Amino acid sequence: MAATVAGQSAISFHSPDIHSTDGLDIGTIARGPRREFHVVVRSHGKGEHKMEVLDVEPKELECTIKPQGIEGNYRLTIAVPKDCPRVLFRSDHKHGYVKVGDPDNKQRTNWFPLRGAVVDLGK
């Protein structure tokens, strides 16, 4: 069963790799090729709502969200771009996050922590 970070929120996140309190740990990644991670985003409740990536930290990461075949389900892609600069976001003092939601409704947003590092590995 996939962990859910959001609890009773109007927006929840689902992935076998996401922890209910620690969020998504993408690990230590060597600079170079593009790497992608995916999370299912569910928008709960009636009616149509916009769903966008509102913010991401660190800014070096690329995030996109696209609707899926089932109403209210979206696929969030978190990408470490090709040749991403070195960035650390895995400590208590410096971690990342992804925030999604309806840009027209501040009550309809949610976020989860993101931890990882993009480093140069010696040869």
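**Note on the predicted model**

1. Asn 110 is located in strand β11, which spans residues 109-119 (strands are DSSP runs of E, at least two residues, numbered from the N terminus). This is a predicted model, in which local features need pLDDT of at least 70 and side-chain atom pairs count only at pLDDT 80 or more, while totals for chains, interfaces and linings use all residues. Residues are numbered from 1 along each chain as its sequence is written, and side-chain values use heavy atoms, with hydrogens and water left out.

2. Asn 110 has a relative accessible area of 12% and is buried (under 20% relative accessible area, 1.4 Å probe, protein chains only). Its side chain reaches the backbone oxygen of Ile 11 at 2.8 Å.

3. Zero disulfides are found in a search of the whole structure (a disulfide is a pair of cysteine sulfur atoms within 2.5 Å). Cys 63 is in none, and the nearest cysteine sulfur, that of Cys 84, is 11 Å away. Cys 84 is likewise in no disulfide. Cys 63 is buried at 16% relative accessible area, and Cys 84 is buried at 1%.

4. The largest pocket has a volume of about 150 Å³. A pocket is an open set of points on a 1 Å grid over the protein atoms alone, where a 1.4 Å probe fits, with protein on both sides within 12 Å along at least five of seven lines. Grid points are joined across faces, edges and corners, and the volume is the space filled by probe spheres set on the points.

5. The lining of the largest pocket holds 13 residues, and Gly 47, His 49, Glu 71, Gly 72 and Tyr 74 lie nearest its centre (lining residues have an atom within 4 Å of a point). The lining divides into three nonpolar, seven polar and three charged residues; Gly counts as polar.

Key:
Buried means under 20% relative accessible area, exposed over 50%, partly exposed in between (1.4 Å probe, protein chains only). Helices (H or I, at least four residues) and strands (E, at least two) are DSSP runs, numbered from the N terminus. A polar contact is a pair of N or O atoms within 3.5 Å; within protein, one must be able to donate a hydrogen and the other to accept it, and residues adjacent in sequence count only if both atoms are side-chain atoms.
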